[in-house]
Amino acid sequence: MTSHVLSQLRSLEAESIHIIREVVAEMQRPVLLFSGGKDSIVMLHMAAKAFAPARIPFPIMHVDTGLNFPTVLACRDRWVENLGIQLVVASVQDAIDRGLVQEEPNGSRNRIQTPVLLEAIEKNGFDAAFGGGRRDEEKARAKERVFSFRDDFGQWDPKNQRPEIWSLYNGRVHQGESIRVFPLSNWTELDIWSYIAAEEIDIPDLYLAQEREVVNRDGMLFAVNEFTPLKEGETSETRSVRYRTVGDANLTAAVESDATTLQAIVEETAAVRVTERGATRGDDKVSEAAMEDRKREGYF
């Protein structure tokens, strides 16, 4: 007898595509938040599938901190060109120049992304924003619903969330309010890499292991580049490393790896016991509640 049971990946894909279509059906002006990282790329790939052969019926938005890896920006631009979609860029540097936000002494632009994001959402009239967050990444994200309601200040209240019984999503909002939507909520890092390998999806080469010049800071390996120069007294070394997650170049660390192919990444990911954010994101080490604090303020 022929089996018609969906595989784990195809079941996850079907759920995500259903969520994306549901947002387009319910909301007036959605946008997809696109960083050029693996999760937002997978989300965009499925959005293209959801509406093929037509074009994706919403723009994508990149909150550009000005501290991006060049290869990530190049990958972003390839996707925009290949899909023929509108790209909205919300520039943190422009916001600094205008006085909307002030740069923090530690050089991190993560917290000041939030006012830039909220301004862009209001300016463009977006009432729903797709984000690539997954529940396995970090404990604050594990609390979040698929449709995450934000008030008219863009803020998130983890104690005041809408029920999602039987995958029924409530997208009702009043003027000024909005919804963050997370189609990848039920995916894991292993699911993401297995899907990328199965679909042969275009990703930045930072995710593949290469010999790179790095410096060890507090047990984390940071690539030496224009955003992360060597400090006085530091020495660099060349190691075979890759990135498990992609954020700002001055805050995102690499991990030692020999995984030079997608299949090798899948096998490596299956064996790890630390989430990618916990292993490589310096911005999440500010405090135990760093991510939740930012989300309450209006972060993705």
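In this predicted model, the axes of helix 1, which covers residues 8–26, and helix 7, which covers residues 189–199, come within 10 Å and cross at roughly 95°. Because angles of 65 to 115 degrees count as roughly perpendicular, helix 1 and helix 7 are described as roughly perpendicular to each other.

**Where the two helices meet**
- On the side of helix 1, the residues that take part are Gln8, Leu9, Arg10, Leu12 and Glu13, and they meet Asp191, Ser194, Tyr195 and Glu199 in helix 7.

**A nonpolar patch on the surface**
- Ile165, Trp166 and Leu168 form a nonpolar patch on the surface, and together these residues have about 420 Å² of accessible area.
- Trp166, one of the residues in this patch, lies in the loop that runs between strand 5 (147–150) and strand 6 (178–181).
- Trp166 counts as exposed because its relative accessibility is 76%, and the cut-off for exposed is over 50%.

**The chain as a whole**
- The chain has 10 helices and 10 strands, and 52% of its 300 residues count as buried.
- When contacts between residues at least 6 apart in sequence are considered, 72% of them join residues that are at least 24 apart.
- The accessible surface of the chain comes to about 14,300 Å², and 49% of this surface belongs to carbon and sulfur atoms.

How values were computed. Residues are numbered from 1 along each chain as its sequence is written. This is a predicted model: local features need pLDDT of at least 70, side-chain atom pairs count only at pLDDT 80 or more; totals for chains, interfaces and linings use all residues. Side-chain values use heavy atoms; hydrogens and water are left out. Patches are made of residues with over 30% relative accessible area and no salt bridge: like charges are joined within 9 Å, nonpolar side chains (Val, Leu, Ile, Met, Phe, Trp, Tyr) within 5 Å. Accessible areas come from the Shrake-Rupley method with a 1.4 Å probe; for residues, only the protein chains shown count as cover. A salt bridge is a side-chain nitrogen of Lys or Arg within 4 Å of a carboxyl oxygen of Asp or Glu. Helices (H or I, at least four residues) and strands (E, at least two) are DSSP runs, numbered from the N terminus. Buried means under 20% relative accessible area, exposed over 50%, partly exposed in between (1.4 Å probe, protein chains only). Contact means heavy atoms within 4.5 Å. Axes are lines fitted to C-alpha atoms, for helices over the stretch in contact, and angles run from 0 to 180 degrees between N-to-C directions. Angles under 35 degrees count as roughly parallel, over 145 as roughly antiparallel, 65 to 115 as roughly perpendicular and the rest as oblique.
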